[in-house]
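Subject: Structure for you to look through

Dear colleague,

Here is the structure I promised to hand over, with my notes placed below it. Please keep the view open while you read.

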Amino acid sequence: MKLDGLNVVFSIIGTGRCNCRCDYCHFYGRYPRETVRFDIEPDLFNRYVHLIKHVQGKASRVSCRFSGGEPLVMGNRLFMLSDKVHAETGIEPFVLTNGLLLDDEVIEEAGRHHVSSFVASVENPLHSENSLVSYERIVSLYRRHSSSKARVRFGMMVVRNDQFSRMKEIVDMFWSDCGAIPPMCEVNYGLFESPSKDQLNDLRRSVSDIVREYHGRCPLHLFPYVIPDLYPSNKRSQEIIIELPLVDKLGLMGMDDDAACSVLEERLDRSYFVYECDKECAWKEGCGRLKWLWNKPNRDGTSRIDDYCRLRRTLCEAYAEGLGIDIGASCSSERPSKPDFPTNDPAMPIQRQADGQHCPLDRDLPSPANLLLRCSCPFANSAIIGLTGAESRPSYS
Ligand code: SF4
Ligand code: SF4
């Protein structure tokens, strides 16, 4: 996969330290905690920034985030790194955080150092016994800072298989408390568990109920690892995440920029592998390139790609069901008129509000969004508005 023309998010691992012990943590699944208790070396960080600047001349869009570990344990050094990224590239980075150290003072200081936003983890409020950051605290931060200079956004909420049946309750709770819905995903990476038939039925019911009630009111980001094609990741602006590790395990320090880009491109081919499914299926287009995590066997030795397929079909059908769209229905060649864009929703991306005349329906969206598009149905239009928008897209790795 070539970097040229892509929408690239560089994820710089600024530190291996963290003040939480999440049981689903995949970072410490890959790097034992005691071996990474340090922050990034200045020389390596500077090399990364230089490389990011170089990629700006190739990719169609480049953004940058700090991850870890927990970036906020770095204190003011994090803000110095943000200043450096901004000074060299003009990019305002965002920060993935567990939220434990996030408060009004930190957020205000971050705004002075070109941090565009904090993407704060949210735990399932119905299953939060082990959560260090309470639901109330994170929602309160969101309410106060969803439009600050360094704004607070919701990070990915992990929903366990046995909680699929309660997703609508969770969504209702968020909507009533702060008028926004966090992105949600399955437990993944090393802790992935194959969902049972009943759990898939629960998932289908919940997602179709959520879509039926909330599409067009709020951007919905449900299970983006399984259906990334509901986002505007069309062929011209596919968003991909490139992780820049805490130590120079890619050997980028001793390379020129072009050689370093070749290394990144090789890694991309492994991170987003080509998958050729031989089945006839409505949801095929989005299955052409999959994230590496679906290429792993499950702990019991079964194929995870089969689970991906079951989840994908369930979720895509649930979306269509929630939208009231019969995928088998004939489609009109006539495009419906451009819909109105809601502008009073704080969760809506600013760019889209300012750019209200640009219709995402003009994009060459892949399936299943394309299927929804082709249906001459204003109902589907507003749904697509709720489901797309690069600026509103959550960040996941
Ligand atoms: S906050 Fe993030 S890095 Fe820290 S333990 Fe939890 S998942 Fe892992
Ligand atoms: S959803 Fe499943 S059957 Fe359909 S194209 Fe993807 S992998 Fe194949």
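This is a predicted model: local features need pLDDT of at least 70, side-chain atom pairs count only at pLDDT 80 or more; totals for chains, interfaces and linings use all residues.

Residues are numbered from 1 along each chain as its sequence is written, and chains are lettered from A and ligands numbered from 1 in the order in which they are written.

The whole chain

The chain has twelve helices and ten strands, where helices (H or I, at least four residues) and strands (E, at least two) are DSSP runs numbered from the N terminus. Of its 397 residues, 41% are buried, a word used when 20 or more other C-beta atoms lie within 10 Å of a residue's own, with exposed meaning 12 or fewer, partly exposed meaning in between, and C-beta atoms placed from the backbone. Among the contacts with a separation of 6 or more, 78% join residues 24 or more positions apart; a contact requires that the two C-beta atoms, placed from the backbone, lie within 7 Å.

The sheet

Six strands form an open sheet with parallel pairing, in the order β5-β4-β3-β2-β1-β8, and two strands count as paired if DSSP finds at least two bridges between them. Because β5 (151-154) and β8 (239-244) stand at the edges with a single partner strand each, one side of each is left without a neighbour in the sheet. From one strand to the next the twist averages 25°. Strand β1 (residues 7-13) pairs with β8 in the parallel sense over six bridges, and I12 stands opposite L244 in β8. Helix α5 (residues 135-145) lies across β4 (117-120) and β5, and runs at about 135° to β5.

Two helix pairs

Two packed helices are described by the angle between their axes and the distance between the axes. The axes are lines fitted to C-alpha atoms, for helices over the stretch in contact, and angles run from 0 to 180 degrees between N-to-C directions.

The axes of α7 (residues 197-214) and α9 (residues 304-323) come within 7 Å and cross at roughly 35°. Their contact includes L203 and V207 of α7 and L315 and A318 of α9, and by class it has nine nonpolar, three polar and six charged residues. Here Ala, Val, Leu, Ile, Met, Phe, Trp, Tyr, Cys and Pro count as nonpolar, Asp, Glu, Lys and Arg as charged, and the others, Gly among them, as polar.

For α2 (residues 42-56) and α3 (residues 76-89), the axes come within 10 Å and cross at roughly 35°. F45, V49, I52, K53 and Q56 in α2 meet L81, K84, V85, E88 and T89 in α3.

The ligands

A residue is near a ligand if its C-beta atom, placed from the backbone, lies within 6 Å of it. Around ligand 1 are residues including C18, C20, C22 and C25, and its shell divides into six nonpolar, three polar and two charged residues. Ligand 2 is surrounded by C277, K279, C281, W283, K284, C287, C309, R312 and R313, a shell of five nonpolar, no polar and four charged residues.
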